[in-house]
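Take a moment to look over the chain from end to end. Then read on, and keep the view open as you go.

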Amino acid sequence: MLSNRESARRSRMRKQQRLDDLMNQAAQLKHQNSQIDAQINLATQQYITVESENAILRAQLRELAERLHSVNSVLRMVEEVSGMAMDIPEIPIPLLKPWQLPCTAQPIMASANMFQF
């Protein structure tokens, strides 16, 4: 009977130790999860910021391309009226269509460590 009690006590201790270990592991996983959430939020904010800056730059590019096109039109009229030859630069096509900029097809590399700051 004493042996059974001792065996039951050891069994309860092992069970309690296993429960403690699982509770510690759960706490660590929750902490890691919150860190990952914070990193995702930071990366999302950075993406939104860069996307906003890109939208502004695209709008500025369109406006400047339109201005350049207008200036070139005026220069062509002046050239026709005056008969004087002018060196009017052509507007590069990529400036008029920035969404079609030439770029090499490179794979996007990702890793598990890319969001660690």
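Helices (H or I, at least four residues) and strands (E, at least two) are DSSP runs, numbered from the N terminus. V74 has its place in one such run, helix α1. The model is predicted, so local features need pLDDT of at least 70, side-chain atom pairs count only at pLDDT 80 or more, and totals for chains, interfaces and linings use all residues. Residues are numbered from 1 along each chain as its sequence is written, and side-chain values use heavy atoms, with hydrogens and water left out.

Start with the overall plan. The protein chain has two helices and zero strands. Helix α1 covers residues 2-82. It has 81 residues and reaches 118 Å from its first C-alpha to its last. That is close to the 120 Å expected at 1.5 Å a residue. The expected span of a helix is 1.5 Å times one less than its number of residues. After α1 comes G83, whose phi is positive, near 75 degrees.

Next, ask what is covered. Buried means under 20% relative accessible area, exposed means over 50%, and partly exposed lies in between (1.4 Å probe, protein chains only). The protein chain has 117 residues, and 5% of them count as buried. Which residues of α1 are buried? They are A43, A65 and N72. N72 has a relative accessibility of 3%, which is why it counts as buried.

Accessible areas come from the Shrake-Rupley method with a 1.4 Å probe; for residues, only the protein chains shown count as cover. The accessible surface of the protein chain comes to about 10,600 Å². Carbon and sulfur atoms hold 60% of that surface. V74, M77 and V78 make a nonpolar surface patch of about 260 Å². Patches are made of residues with over 30% relative accessible area and no salt bridge; like charges are joined within 9 Å, and nonpolar side chains (Val, Leu, Ile, Met, Phe, Trp, Tyr) within 5 Å. V74 is partly exposed, because its relative accessibility is 47%.

Charged side chains come next. A salt bridge is a side-chain nitrogen of Lys or Arg within 4 Å of a carboxyl oxygen of Asp or Glu. How many salt bridges does the structure hold? There are three.

Begin with E6. It pairs with R9, and their closest N and O atoms are 2.3 Å apart. Both residues lie in α1, three residues apart, about one turn of the helix. E6 also meets R10 in a salt bridge, at 3.8 Å from N to O. Here the two residues are four apart in α1, again about one turn. How open are these side chains? E6 is partly exposed, at 31% relative accessible area. R9 is partly exposed too, at 35%. R10 counts as partly exposed because its relative accessibility is 41%.

The remaining bridge joins E63 and R67, with the closest N and O atoms 2.7 Å apart. E63 and R67 both lie in α1, four residues apart, about one turn of the helix. E63 counts as partly exposed because its relative accessibility is 39%.
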